[in-house]
Amino acid sequence: MANKARQFSFSKEDLLCPLCSEVFSQPVQLQCGHNYCKTCLHDLWERRGLRECPLCRTRSFSVRPPVNLALKIAADTFAEQSATRDVDTEEELCHLHAEKLNLFCQNDEEPICLICQASKQHKTHDCCTTEEAAMEKKMEFFSKIDSLRKHLKKLNKTKEDWEETKRFIKSQADQTEQQVRAEFESLHRFLWEEEKRRVAALRQEQETKTQVMGDKLGLMEGMITALTHTISEVEVAIRANDVTFLQAYKEMKRRTTGVVREPECIRGILIDAARHLGSLKWTLWRKMADMVQWVPITLDPNTAQPNLSFSEEFSRVQYDRKMVLPDNPERFTSRMSVLGATGFNSGKHSWTVEVGQGKDWYIGVARESVKRKTTVFLNPGEGFWCIGLCNGETYWAQTSPRTRLPVRKERRPWRVTVELDYDRGKVSFLNAADSAIIHVFREKFTERIFPYFSPGLCADGNTSSQLAICPMTIAVEVLDHVKIP
């Protein structure tokens with residue numbers, strides 16, 4: 001319909017309503033072919049009380065004449081162009097002198113007229129024509145647009161990454177919740193089994209002691225019956241005449257002599273509640289200490305290169321298939337690395353790492369500010385204090401240049417202890433088997449230091465090796481109560 005309307009050509013006179021002499025607003029067409037503004041026509045009909053064409057007097061039988069769409073489009077377009085011309089004309093004139101703005105002041109960066117240029121304000125300023133200025137300034141914005149487009153592309157990419165991170169947070173939270181529930185399920189199962197065992201022991205004690213008491217009561221009932229019968233017979237004998245009584249005397253004397261026995265004193269027959277309830281929580285805690293492990297360092301999966309996988313409690317790390325993970329600022333992408341979850345800025349700290357059969361690994365400490373997205377060398381200049389094994393043969397201290405360590409093959413360490421003395425600026429590596437020193441770094445630390453781990457492959461060159469934080473021995477000690485005077 002719109003394409004068909006554009007085929008008509010209208011002059012300005014064609015666009016004026018015969019009744020109001022203004023550009024048509026909602027033009028309607030009568031059967032005779034004449035056009036009027038809808039509002040103008042209906043107002044006229046209301047006043048006259050007669051529906052007819054104001055020009056040719058032709059009667060109209062339609063209460064709502066149809067809109068002339070082609071004429072409406074032409075009238076609307078004309079009105080828009082007129083408004084634009086009025087605005088452009090107004091903007092192109094100097095608001096001080098009503099002259100055309102055909103110059104541009106470079107100093108004030110604004111268009112001016114010839115009178116403005118001759119004025120005191122702009123007389124000494126550098127001016128050029130608006131055409132030259134517009135060309136120059138447009139070229140300036142062309143270069144800025146490229147920069148802005150690049151920035152927009154970066155923002156869109158960041159938005160996509162953040163949306164992916166948002167989705168990952170949900171999946172990460174769900175996975176962590178499952179692991180938390182699994183751990184608590186294990187603890188609940190231990191408590192349920194311990195409860196069942198203790199209740200079973202209690203019921204067994206109840207059954208045994210109930211049986212003992214049942215047997216004792218059976219004996220007691222026999223004794224009561226026998227004694228009752230004897231008393232009855234004695235009472236009968238006493239009521240008999242003298243000769244009969246005396247005849248039965250010897251038998252009654254025998255039967256009543258030594259018959260009465262004192263009831264047995266039964267000790268330890270009650271439920272040993274103290275055994276079942278005494279220090280119950282303490283006993284359970286001692287048992288739980290045997291089933292749990294504590295490691296001094298927990299690995300931080302949010303810093304891990306995407307090819308690394310972990311045990312459930314983040315105490316073991318190894319090379320694995322690549323996972324799709326957010327490229328958050330903390331994550332290493334340039335090296336197969338992961339940091340500990342806790343950093344240190346004072347004090348002494350130590351942990352032991354089981355390096356096992358790995359033929360390529362590095363362990364040590366790193367500054368919090370180390371580069372994680374670009375290639376770096378593992379040396380103190382880059383913020384790393386590490387030692388490692390290369391190709392399953394030689395041990396190196398990652399100095400600059402690196403230093404080969406004199407570790408004999410037969411004394412190859414399976415576990416390495418890392419000792420950090422932050423205040424004295426010292427990082428020591430020891431063979432955990434005999435505490436022999438492997439290497440010592442000395443440095444003045446100025447920021448937080450984190451444990452560093454980088455696993456590799458096993459000695460067979462095919463399977464991945466683990467780096468594992470060795471658990472510490474848990475000791476439960478009971479202290480005597482201190483008497484307060």
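How many Å separate the backbone oxygen of M336 from a polar atom of the side chain of S454? The distance is 2.7 Å, and we will return to that serine below.

Some ground rules come first. This is a predicted model, in which local features need pLDDT of at least 70 and side-chain atom pairs count only at pLDDT 80 or more, while totals for chains, interfaces and linings use all residues. Residues are numbered from 1 along each chain as its sequence is written, and side-chain values use heavy atoms, with hydrogens and water left out.

**Around S454**

Look for S454 in strand 17, residues 449-454 (strands are DSSP runs of E with at least two residues, helices are runs of H or I with at least four, and both are numbered from the N terminus). S454 is buried, with a relative accessible area of 8% (buried means under 20%, exposed over 50%, and partly exposed in between, using a 1.4 Å probe and protein chains only). Leaving aside residues up to four places away in sequence, S454 touches M336, S337, D360, W361, Y362 and L467; touching here means heavy atoms within 4.5 Å.

**Salt bridges**

Searching the whole structure gives 23 salt bridges. A salt bridge is a side-chain nitrogen of Lys or Arg within 4 Å of a carboxyl oxygen of Asp or Glu. Here are some of them:

| Pair | N to O distance |
|---|---|
| E52 and R48 | 3.8 Å |
| K209 and E205 | 2.8 Å |
| K216 and E264 | 2.7 Å |

R48, at 42%, counts as partly exposed.

K209 and E205 are both buried. Because they sit four residues apart in helix 5 (residues 130-239), about one helical turn separates them.

What does the pair of K216 and E264 link? It joins distant parts of the chain, 48 residues apart: K216 is in helix 5, and E264 is in the loop between helix 6 (242-256) and helix 7 (273-277). K216 has 28% relative accessibility, so it counts as partly exposed.

Salt bridges can also be joined up: E194, R197, R198 and K287 are linked in a network of them.

**An annotated stretch**

An unreviewed UniProt entry carries the annotation "coiled-coil region" for residues 145-179; such annotations may be inferred rather than shown by experiment, feature names are shortened, and positions are given in the numbering used here. In the model, that span is 100% helix and 0% strand, and its end C-alpha atoms lie 50 Å apart.

Terms used:
A polar contact is a pair of N or O atoms within 3.5 Å; within protein, one must be able to donate a hydrogen and the other to accept it, and residues adjacent in sequence count only if both atoms are side-chain atoms.
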